[in-house]
Amino acid sequence: MLPRSLFDLPTPAVLVEADRLEANLRSMAALCARHGVRLRPHVKTHKCVPLARRQLELGAIGLSAAKVSEARVFIEDGLTDVLVAYPLRGDKVAALRALDAPVSTLVDDASGVEGLAAGWSGAARPLGVAVKVDVGLGRVGVPWQQPERVLDLARRIERAPGLRFVGLVTHAGHAYRAVDAAEVAVVGRHEGDAMAQVADFLRAAGQPVPCVSVGSTPTARAAVARPGVDELRPGVYVFHDAQQVALGAATWADCALTVWTTVVSRGDDHRAICDAGSKTFSSDRGAHGTDRVPYGVLPSRPQLALVGLSEEHGWLRAERGDAPWPGERLRIVPAHACAVVNLARALWIVEGERVVDRWPVAASGAVC
């Protein structure tokens with residue numbers, strides 16, 4: 001039986017405020033519709049089939065996933081148009097083929113093309129393959145300043161039996177290093193412009209480019225407004241988190257996901273301990289090496305923050321000397337929602353203090 005109230009839930013628990021979630025979903029769908037850009041959201045944030053279905057109902061044309069095992073969860077539930085946005089090697093190619101669905105993936109070098117072609121030999125349907133372009137993050141992809149290398153890979157894909165070139169993809173993750181919303185917007189505009197330039201180079205050389213795909217929640221608004229962008233692959237927009245607020249990409253009122261936790265000890269006026277530690281929050285305080293926020297923030301109590309984690313203990317610091325007392329329950333916005341969800345077995349959907357649903361995190365731990 002579904003618990004009726006937050007206070008009937010055991011803690012720690014991961015909560016999702018239903019109205020904020022719906023508003024976030026509709027806002028991103030509307031942004032893409034306004035600019036004529038297709039939405040292919042990244043499921044690595046929520047790992048949850050009901051939420052993915054809602055994204056598709058609101059106009060998403062397919063899904064993005066980080067790993068093959070993650071994609072499998074959604075494909076086995078009938079959501080089959082999935083881009084595995086990760087360079088696949090060795091047995092991962094065979095695992096992707098075993099999904100027996102209209103999937104796609106990406107490469108950033110010639111050996112990646114060769115591996116996919118070998119693994120896809122004799123397959124009933126072709127594998128869509130995009131070229132990953134690096135617009136500044138420095139992680140995966142061909143640098144955007146080297147379009148001739150992108151062109152070479154596109155042509156290799158076109159020549160390879162069983163493969164078809166489906167376009168260009170990027171992720172401007174270096175936006176997470178920005179100091180404010182204005183700098184994030186600069187990164188987003190460059191993301192769109194750089195990708196359009198690479199696409200124009202390919203087209204001038206006679207190589208069609210079916211899709212130019214960008215992907216980052218903080219840069220979304222700036223990137224989709226640039227001419228030449230066809231697709232957007234954001235993830236954390238569904239929940240937002242303390243990182244997104246720090247970057248100016250969201251407000252606290254947009255943050256749909258919180259951790260519900262109980263205070264179990266009070267060391268003194270400035271320190272208390274709650275029952276949600278690193279096995280609930282994770283120790284990830286920011287994407288791509290940033291740590292601009294604490295592990296967790298309480299917007300209604302800005303003087304109180306989650307500043308440390310043990311496995312089963314969260315360390316709360318009260319700057320004004322009004323630390324919470326044992327038995328008190330708190331709703332904490334995590335630094336990084338994606339890492340929290342991956343550790344959870346379920347999301348509790350709430351309307352204020354009322355529990356209205358429970359969604360299994362079916363792809364929890366799907367990292368291979």
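Author: A polar contact is a pair of N or O atoms within 3.5 Å; within protein, one must be able to donate a hydrogen and the other to accept it, and residues adjacent in sequence count only if both atoms are side-chain atoms. The model is predicted, so local features need pLDDT of at least 70 and side-chain atom pairs count only at pLDDT 80 or more, while totals for chains, interfaces and linings use all residues. Residues are numbered from 1 along each chain as its sequence is written, and side-chain values use heavy atoms, with hydrogens and water left out.

A polar atom of the Thr-105 side chain lies 2.9 Å from the backbone oxygen of Val-84. Leaving aside residues up to four places away in sequence, Thr-105 touches Val-84 as well as others including Leu-83, Tyr-86, Leu-116 and Gly-128, where contact means heavy atoms within 4.5 Å.

Now the backbone. Most residues other than glycine have a negative phi, and most peptide bonds are trans. The bond from Thr-11 to Pro-12 is cis, with omega near 0°, and Pro-12 sits in the segment before strand 1 (13-17). His-240 has a positive phi, near 60°, in the loop between strand 10 (231-232) and helix 9 (242-247). His-240 is buried because its relative accessibility is 8%.

Terms used:
Helices (H or I, at least four residues) and strands (E, at least two) are DSSP runs, numbered from the N terminus. Buried means under 20% relative accessible area, exposed over 50%, partly exposed in between (1.4 Å probe, protein chains only).
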